[in-house]
Amino acid sequence: FRAEYLMGQHTLSAGVEWEKLDVFNLFVATSRGQAFFNSIADFQARRANRYAYGNAVTNNPADAAAEFAYSNTALYLQDRWRVADALTLTFGVRHERFDSSDTPRFNQGYFNRYGFANTETLDGRDLTLPRFGFEWEAGERTTITGGVGLFGGGTPNVWVSNSYSNDGAISGFIDCTRGTAPSAACPAAVLAALDNINLTTVPQAFQNQLATQAGSGTVNAIDPNFEIPSSYRYQLGVDQKFDLGFAGDDYRFNVDLTYTEVKDGVLWRHQRLVPIGTLQDGRPRYGYRANDPSTGAGRGTGTHDILLTNTAKGSSLVASAELSKTWDTPAGLFDASIGYAFMDAEDVTSATSSVALSNWDNLAVSDINNPGVATSNYEIRHRFPIRFSWRKNLFGDNESAVNLFVERRSGRPFSW
């Protein structure tokens, strides 16, 4: 729903948006087993050195699927005020609220370990986004624009989905290696199954062991104090038209500067790990918690508790310039432009994965549970785009077009 009302020099706009999303996500890693061999000879002899198996404790991966729904209600109000013939100011505010009646399965062991439940969702979380912009016609051929505001959105739903498919209550994980002493996580019967491995089916001993692990599996949870991700954005731009005499008229030159500062970003932490010392170069050394109570069988080192939380660190600066020109000729309409863009972007985590564990450990940092700000994976330091196009109505009112785009740019910051 959208409404608009004219009141003198003010154009008032208001609206309501409602969106509902139903999610079904079936992603159960290693549900068919994963075998490791030390040599070709061991592979031929079906003698596994290590075997990993993750699944629902029912041994049916469909039971560990994430299935939930949530809605997003947005209200917005805007006032576009024409202060003078050459100056327009825009004030606005947008409020968004998330609602959901679906929660992940409660895991008692997780609650015992950390004192809060793994059932947090986006339900009831909201975000207020104020914004201001201006457009000033500083001269007959010069326009200056700018604005500041808080912006949100763009967070992949799979990061929320992880809490439903990795509740640790219905899902489990076993990772056993030959030569280790029998334990609650890897008893003797399971270790014996490393011999005569059949790669087409999961060994029955592993399936039987997994069935005992209800409540002991990997947990992905959302911080009770989690805030919807948002960033402050500041923008300034200049659009200048000019003539070049013998080289033609009506050239256009644009310069834009955008600075973004994170208010609430995303960050993952491994809750089972705690500092246990300091390495020689000063980095913290981590180990598993001394007391890690859980229901069901013992938890192995391949079982993780990953918390989705926030960070207030991260920023980016983007500066760009473009020179463009249009030629209207009997042969058709020709457009050409050449530009340059500079980017300096830093973040705590570039969040390149859909998997919580991968987002936590796919970082090059000195402190894995407290990563600092570093160059973003998405930074493209220098970029030079060139565009050329031709358009003409060759057959009646039907326009034909040819477009050419060339780009030279810096590579990605990281090659792995």
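**A surface patch, a pocket and a disulfide**

Phe-132 is found in strand S7, which runs over residues 126-139. The model looked at here is a predicted one. In this model Phe-132 counts as partly exposed, because its relative accessible area is 30%, and partly exposed covers the range between under 20% (buried) and over 50% (exposed).

Phe-132 also belongs to a nonpolar patch on the surface. The largest share comes from S11, with 3 residues.

The largest pocket holds about 730 Å³ of space. It is lined by 30 residues, and the closest to its centre are Pro-229, Ser-231, Val-262, Gly-265 and Asp-347. Strands S11 and S12 turn up again here: along with S8 (142-152), S16 (314-329) and S17 (332-347), each supplies at least two residues of the lining. This time the largest share, 5 residues, comes from S12.

Now for the cysteines. A search of the whole structure turns up 1 disulfide. Such a link is a covalent bond between the sulfur atoms of two cysteines. Here the two partners are Cys-176 and Cys-186, with their sulfur atoms 2.0 Å apart. Cys-176 sits in strand S9 (residues 171-177), while Cys-186 sits in the loop between S9 and helix H4 (188-192), so the pair ties together parts that are 10 residues apart in sequence. Which hand does the disulfide have? The torsion about the S-S bond is about -95°, so the disulfide is left-handed. Both ends are tucked away: Cys-176 is buried, with a relative accessible area of 0%, and Cys-186 is buried too, at 8%. Each value falls under the 20% cut-off for buried residues.

Finally, there is helix H3, made up of residues 158-165. How many of its 8 residues are buried? The count is 7, so H3 is largely enclosed by the rest of the structure. The buried residues are Trp-159, Val-160, Ser-161, Asn-162, Ser-163, Tyr-164 and Ser-165.

Methods. Residues numbered from 1 in each chain as written. Predicted model: local features only at pLDDT ≥ 70, side-chain atom pairs only at ≥ 80, totals over all residues. Heavy atoms only, no water. Disulfide = S-S within 2.5 Å. Helix = DSSP H or I, 4+ residues; strand = E, 2+ residues; numbered from the N terminus. Buried < 20%, exposed > 50% of the residue type's maximum accessible area, 1.4 Å probe, protein only. Patch = residues over 30% accessible without salt bridge, like charges linked within 9 Å, V, L, I, M, F, W, Y side chains within 5 Å. Areas by Shrake-Rupley, 256 points an atom, 1.4 Å probe, with all protein chains shown as cover. Salt bridge = Lys/Arg side-chain N within 4 Å of Asp/Glu carboxyl O. 1 Å grid on protein atoms, 1.4 Å probe; cavity = no way out; pocket = protein on both sides within 12 Å on 5 of 7 lines; lining within 4 Å. Points joined across faces, edges and corners; volume = space filled by probe spheres on them.
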